[in-house]
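Here is a short report on pockets, cores and aromatic rings. Keep the structure open while reading.

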Amino acid sequence: MKDTHKHQGLRNQLVKTIIQKGITDKNVLDAIAKVPRHLFMDSGFVDFAYQDKAFPIAAEQTISQPYTVAFQSELLKAKSGDKILEIGTGSGYQAAVLIEMGVKVYTIERQQELFKKTKLFLPKIGYKPKKMIFGDGYLGLPEDAPFDGIIVTAGAPYVPKPLLSQLKIGGRLVIPVGDDIQIMTLFIRTGEKDFEKHELGEFRFVPLLKKKN
Ligand code: SAH
(Lines give C-alpha, C1' and ligand atoms only; values in the text may rest on other atoms or scores of the structure.)
Protein backbone atom coordinates (compact mmCIF):
# COMPACT_ATOMS: atom_id res chain seq x y z
CA MET A 1 0.00 0.00 0.00
CA LYS A 2 1.15 3.53 -0.76
CA ASP A 3 1.01 6.88 0.94
CA THR A 4 -1.13 9.25 -1.14
CA HIS A 5 -2.40 12.85 -1.08
CA LYS A 6 -5.62 11.49 0.32
CA HIS A 7 -3.77 9.97 3.27
CA GLN A 8 -1.88 13.24 3.79
CA GLY A 9 -5.20 15.10 3.85
CA LEU A 10 -6.59 12.69 6.46
CA ARG A 11 -3.43 13.13 8.57
CA ASN A 12 -3.76 16.93 8.45
CA GLN A 13 -7.32 16.50 9.71
CA LEU A 14 -6.09 14.18 12.48
CA VAL A 15 -3.51 16.77 13.53
CA LYS A 16 -6.30 19.38 13.81
CA THR A 17 -8.28 17.02 16.04
CA ILE A 18 -5.26 16.47 18.27
CA ILE A 19 -4.61 20.21 18.52
CA GLN A 20 -8.25 20.68 19.60
CA LYS A 21 -7.64 18.11 22.33
CA GLY A 22 -4.78 20.21 23.67
CA ILE A 23 -1.49 19.08 22.09
CA THR A 24 0.77 22.06 21.30
CA ASP A 25 4.30 20.67 20.74
CA LYS A 26 5.10 21.47 17.11
CA ASN A 27 7.69 18.70 16.74
CA VAL A 28 5.12 16.14 17.87
CA LEU A 29 2.38 17.51 15.59
CA ASP A 30 4.76 17.60 12.60
CA ALA A 31 5.70 13.96 13.24
CA ILE A 32 2.04 12.86 13.47
CA ALA A 33 1.46 14.69 10.19
CA LYS A 34 4.24 12.69 8.54
CA VAL A 35 4.03 9.10 9.81
CA PRO A 36 1.75 7.00 7.53
CA ARG A 37 -0.32 5.35 10.28
CA HIS A 38 -2.39 3.35 7.77
CA LEU A 39 0.70 1.26 6.98
CA PHE A 40 0.89 0.15 10.63
CA MET A 41 -2.63 -1.29 10.72
CA ASP A 42 -4.01 -4.67 9.76
CA SER A 43 -5.82 -4.63 6.43
CA GLY A 44 -9.30 -4.74 8.00
CA PHE A 45 -8.70 -1.44 9.80
CA VAL A 46 -6.78 0.73 7.32
CA ASP A 47 -9.87 2.79 6.50
CA PHE A 48 -9.95 3.90 10.13
CA ALA A 49 -6.24 4.67 10.40
CA TYR A 50 -6.76 8.41 10.73
CA GLN A 51 -9.53 8.29 13.28
CA ASP A 52 -8.29 9.27 16.69
CA LYS A 53 -8.80 5.78 18.11
CA ALA A 54 -6.81 2.73 19.24
CA PHE A 55 -7.17 -0.41 17.07
CA PRO A 56 -6.28 -4.09 17.40
CA ILE A 57 -2.96 -5.31 15.98
CA ALA A 58 -1.51 -8.85 16.24
CA ALA A 59 -1.26 -10.92 19.44
CA GLU A 60 -4.26 -9.24 21.13
CA GLN A 61 -2.42 -5.94 21.36
CA THR A 62 -3.39 -2.47 20.17
CA ILE A 63 -1.89 0.42 18.25
CA SER A 64 -2.28 3.36 20.65
CA GLN A 65 -4.71 6.18 19.93
CA PRO A 66 -2.91 9.05 18.09
CA TYR A 67 -3.87 11.52 20.84
CA THR A 68 -2.28 9.23 23.44
CA VAL A 69 0.88 8.88 21.32
CA ALA A 70 1.02 12.67 21.00
CA PHE A 71 0.33 13.23 24.71
CA GLN A 72 3.08 10.84 25.81
CA SER A 73 5.52 12.21 23.22
CA GLU A 74 4.85 15.76 24.41
CA LEU A 75 5.45 14.76 28.04
CA LEU A 76 8.78 13.18 27.10
CA LYS A 77 9.99 16.57 25.77
CA ALA A 78 12.31 14.68 23.43
CA LYS A 79 14.69 16.72 21.30
CA SER A 80 16.49 15.68 18.16
CA GLY A 81 19.47 13.49 19.12
CA ASP A 82 17.99 12.37 22.46
CA LYS A 83 18.31 8.74 23.47
CA ILE A 84 14.86 7.34 24.32
CA LEU A 85 13.82 3.88 25.50
CA GLU A 86 10.34 2.66 24.58
CA ILE A 87 8.73 -0.26 26.42
CA GLY A 88 6.13 -1.98 24.21
CA THR A 89 7.12 -1.70 20.54
CA GLY A 90 3.79 -3.11 19.33
CA SER A 91 3.06 -1.93 15.79
CA GLY A 92 6.06 0.42 15.87
CA TYR A 93 3.89 3.53 15.39
CA GLN A 94 5.02 5.32 18.56
CA ALA A 95 8.64 4.47 17.73
CA ALA A 96 8.19 5.90 14.21
CA VAL A 97 6.77 9.15 15.61
CA LEU A 98 9.83 9.52 17.86
CA ILE A 99 12.24 8.64 15.03
CA GLU A 100 10.49 11.24 12.87
CA MET A 101 11.29 13.75 15.67
CA GLY A 102 15.00 12.92 15.32
CA VAL A 103 15.17 10.73 18.41
CA LYS A 104 17.47 7.70 18.79
CA VAL A 105 14.95 5.00 19.73
CA TYR A 106 15.68 1.84 21.71
CA THR A 107 12.54 -0.29 21.93
CA ILE A 108 11.57 -3.51 23.71
CA GLU A 109 8.71 -5.92 22.93
CA ARG A 110 7.80 -9.08 24.85
CA GLN A 111 5.60 -10.75 22.21
CA GLN A 112 7.74 -12.71 19.79
CA GLU A 113 5.19 -12.51 16.98
CA LEU A 114 4.90 -8.72 17.12
CA PHE A 115 8.61 -8.28 17.66
CA LYS A 116 9.46 -10.19 14.48
CA LYS A 117 6.82 -8.47 12.41
CA THR A 118 7.72 -4.93 13.47
CA LYS A 119 11.48 -5.54 13.26
CA LEU A 120 11.05 -6.28 9.56
CA PHE A 121 8.42 -3.66 8.89
CA LEU A 122 9.85 -0.46 10.40
CA PRO A 123 13.10 -0.32 8.38
CA LYS A 124 11.13 -1.23 5.27
CA ILE A 125 9.22 2.05 5.45
CA GLY A 126 12.33 4.03 6.37
CA TYR A 127 12.22 4.09 10.18
CA LYS A 128 15.30 2.61 11.81
CA PRO A 129 15.37 2.32 15.59
CA LYS A 130 18.86 2.24 17.16
CA LYS A 131 17.92 -1.09 18.75
CA MET A 132 14.91 -3.39 18.80
CA ILE A 133 14.94 -5.95 21.57
CA PHE A 134 12.82 -9.03 22.23
CA GLY A 135 12.71 -8.91 26.01
CA ASP A 136 10.97 -7.91 29.21
CA GLY A 137 10.53 -4.17 29.54
CA TYR A 138 10.21 -4.40 33.35
CA LEU A 139 14.00 -4.71 33.33
CA GLY A 140 14.66 -1.72 31.06
CA LEU A 141 17.87 -1.88 29.02
CA PRO A 142 20.77 -1.57 31.47
CA GLU A 143 23.48 -2.06 28.83
CA ASP A 144 22.39 1.09 26.98
CA ALA A 145 21.40 3.24 29.98
CA PRO A 146 21.23 6.05 30.93
CA PHE A 147 18.45 7.49 28.76
CA ASP A 148 17.16 11.03 28.23
CA GLY A 149 13.68 9.59 28.45
CA ILE A 150 11.73 6.36 28.84
CA ILE A 151 8.20 5.87 27.53
CA VAL A 152 6.04 2.92 28.59
CA THR A 153 3.18 2.17 26.19
CA ALA A 154 1.39 -0.50 28.25
CA GLY A 155 -0.42 -0.14 31.58
CA ALA A 156 2.00 -0.82 34.44
CA PRO A 157 0.57 -2.12 37.75
CA TYR A 158 3.49 -0.37 39.49
CA VAL A 159 6.55 1.67 38.50
CA PRO A 160 9.48 -0.68 37.77
CA LYS A 161 12.54 0.53 39.73
CA PRO A 162 15.03 -0.22 36.91
CA LEU A 163 13.27 2.30 34.69
CA LEU A 164 13.78 5.10 37.22
CA SER A 165 17.42 4.17 37.75
CA GLN A 166 18.13 4.10 34.00
CA LEU A 167 17.24 7.79 33.56
CA LYS A 168 19.87 10.51 33.21
CA ILE A 169 19.67 13.33 35.74
CA GLY A 170 17.05 15.60 34.16
CA GLY A 171 15.61 12.60 32.29
CA ARG A 172 11.87 11.87 32.09
CA LEU A 173 9.87 8.66 32.53
CA VAL A 174 6.35 8.69 31.06
CA ILE A 175 4.35 5.72 32.34
CA PRO A 176 0.64 4.88 32.62
CA VAL A 177 0.23 3.37 36.10
CA GLY A 178 -2.72 1.28 37.26
CA ASP A 179 -4.61 -1.96 36.70
CA ASP A 180 -7.92 -1.40 34.88
CA ILE A 181 -7.53 2.32 34.37
CA GLN A 182 -4.14 3.99 34.36
CA ILE A 183 -2.99 7.40 35.53
CA MET A 184 -0.49 8.89 33.11
CA THR A 185 2.48 9.61 35.33
CA LEU A 186 5.59 11.67 34.63
CA PHE A 187 8.75 11.27 36.72
CA ILE A 188 11.59 13.75 36.28
CA ARG A 189 14.92 12.72 37.76
CA THR A 190 16.18 15.81 39.56
CA GLY A 191 19.13 14.18 41.35
CA GLU A 192 20.83 10.87 41.99
CA LYS A 193 18.04 9.88 44.40
CA ASP A 194 15.45 12.56 43.72
CA PHE A 195 12.43 12.42 41.44
CA GLU A 196 9.60 14.82 40.78
CA LYS A 197 6.25 13.11 40.15
CA HIS A 198 3.31 14.51 38.16
CA GLU A 199 -0.04 12.82 37.53
CA LEU A 200 -1.76 13.76 34.29
CA GLY A 201 -5.15 12.13 33.89
CA GLU A 202 -6.70 8.77 33.12
CA PHE A 203 -5.97 6.49 30.17
CA ARG A 204 -6.58 2.87 29.21
CA PHE A 205 -3.79 0.63 27.94
CA VAL A 206 -3.27 -3.09 27.43
CA PRO A 207 -1.36 -4.46 30.45
CA LEU A 208 2.40 -4.47 30.88
CA LEU A 209 3.04 -8.20 31.37
CA LYS A 210 6.05 -9.93 32.89
CA LYS A 211 8.57 -11.97 30.94
CA LYS A 212 8.83 -12.83 27.26
CA ASN A 213 6.14 -14.72 25.36
N1 SAH B 1 3.80 1.50 21.21
C2 SAH B 1 2.86 0.58 20.59
C3 SAH B 1 1.71 0.27 21.55
C4 SAH B 1 1.47 -1.21 21.60
S5 SAH B 1 0.44 -1.78 22.91
C6 SAH B 1 2.35 1.13 19.27
O7 SAH B 1 2.61 2.29 18.96
O8 SAH B 1 1.71 0.38 18.53
C9 SAH B 1 1.62 -2.23 24.15
C10 SAH B 1 2.67 -3.23 23.77
O11 SAH B 1 3.43 -3.52 24.95
C12 SAH B 1 2.16 -4.57 23.27
O13 SAH B 1 2.72 -4.83 22.02
C14 SAH B 1 2.63 -5.56 24.33
O15 SAH B 1 2.96 -6.84 23.80
C16 SAH B 1 3.85 -4.85 24.88
N17 SAH B 1 4.26 -5.29 26.22
C18 SAH B 1 3.49 -5.70 27.27
N19 SAH B 1 4.24 -6.02 28.32
C20 SAH B 1 5.55 -5.80 27.96
C21 SAH B 1 6.81 -5.97 28.61
N22 SAH B 1 6.92 -6.41 29.87
N23 SAH B 1 7.93 -5.65 27.93
C24 SAH B 1 7.87 -5.21 26.65
N25 SAH B 1 6.71 -5.04 25.97
C26 SAH B 1 5.56 -5.34 26.61
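## Aromatic pairs

Rings of Phe, Tyr and Trp form a pair if their centres lie within 6.5 Å. Planes under 30 degrees apart count as stacked, those over 60 as edge-to-face, and the rest as tilted. The model shown is predicted. It holds 11 aromatic pairs.

Take Tyr67 and Phe71. Their ring centres are 5.8 Å apart and their planes meet at 35°, so this pair is tilted. Both residues sit in helix 3, 4 residues apart, or about one turn of the helix. Tyr67 and Phe71 are both buried. Ring pairs also join Tyr67 and Phe71 with Phe203 and Phe205 in a cluster.

## Nonpolar cores

The largest nonpolar core has 50 residues. Ile23, Ile32, Phe40, Tyr93, Val97 and Leu98 make the most contacts inside this core. Several elements each supply at least two of its residues: helix 1 (5-20), helix 2 (26-34), helix 3, helix 4, helix 5 (112-124) and strand 8 (182-189).

Which residues does Tyr93 touch, not counting those up to four places away in sequence? The list is Ile32, Val35, Arg37, Phe40, Ile63 and Val69. Of these, Ile32 and Phe40 are also among the core residues with the most contacts.

A second core is separate and has 19 residues. Leu85, Ala154, Leu163 and Phe187 are included in this second core.

## Largest pocket

The largest pocket has a volume of about 510 Å³. Its lining comprises 34 residues. Closest to the pocket centre are Thr62, Ser64, Thr153, Ala154 and Val206.

Where does the lining come from? Strand 2 (62-63), helix 3 (66-76), strand 3 (83-87), helix 4 (93-100) and strand 4 (104-109) each contribute at least two residues. By class, the lining of the largest pocket has 14 nonpolar, 15 polar and 5 charged residues.

## Second largest pocket

The second largest pocket has a volume of about 180 Å³. It is lined by 13 residues, and the closest to its centre are Leu39, Phe40, Lys117, Thr118 and Phe121. Phe40 is also one of the residues with the most contacts inside the largest core. The lining of the second largest pocket divides into 7 nonpolar, 3 polar and 3 charged residues.

Technical notes
Residues numbered from 1 in each chain as written. Predicted model: local features only at pLDDT ≥ 70, side-chain atom pairs only at ≥ 80, totals over all residues. Heavy atoms only, no water. 1 Å grid on protein atoms, 1.4 Å probe; cavity = no way out; pocket = protein on both sides within 12 Å on 5 of 7 lines; lining within 4 Å. Points joined across faces, edges and corners; volume = space filled by probe spheres on them. Nonpolar A, V, L, I, M, F, W, Y, C, P; charged D, E, K, R; others polar. Core = buried A, V, L, I, M, F, W, Y, C linked by side-chain atoms within 4.5 Å. Buried < 20%, exposed > 50% of the residue type's maximum accessible area, 1.4 Å probe, protein only. Contact = heavy atoms within 4.5 Å. Phe/Tyr/Trp six-rings, centres within 6.5 Å; stacked < 30°, edge-to-face > 60°.
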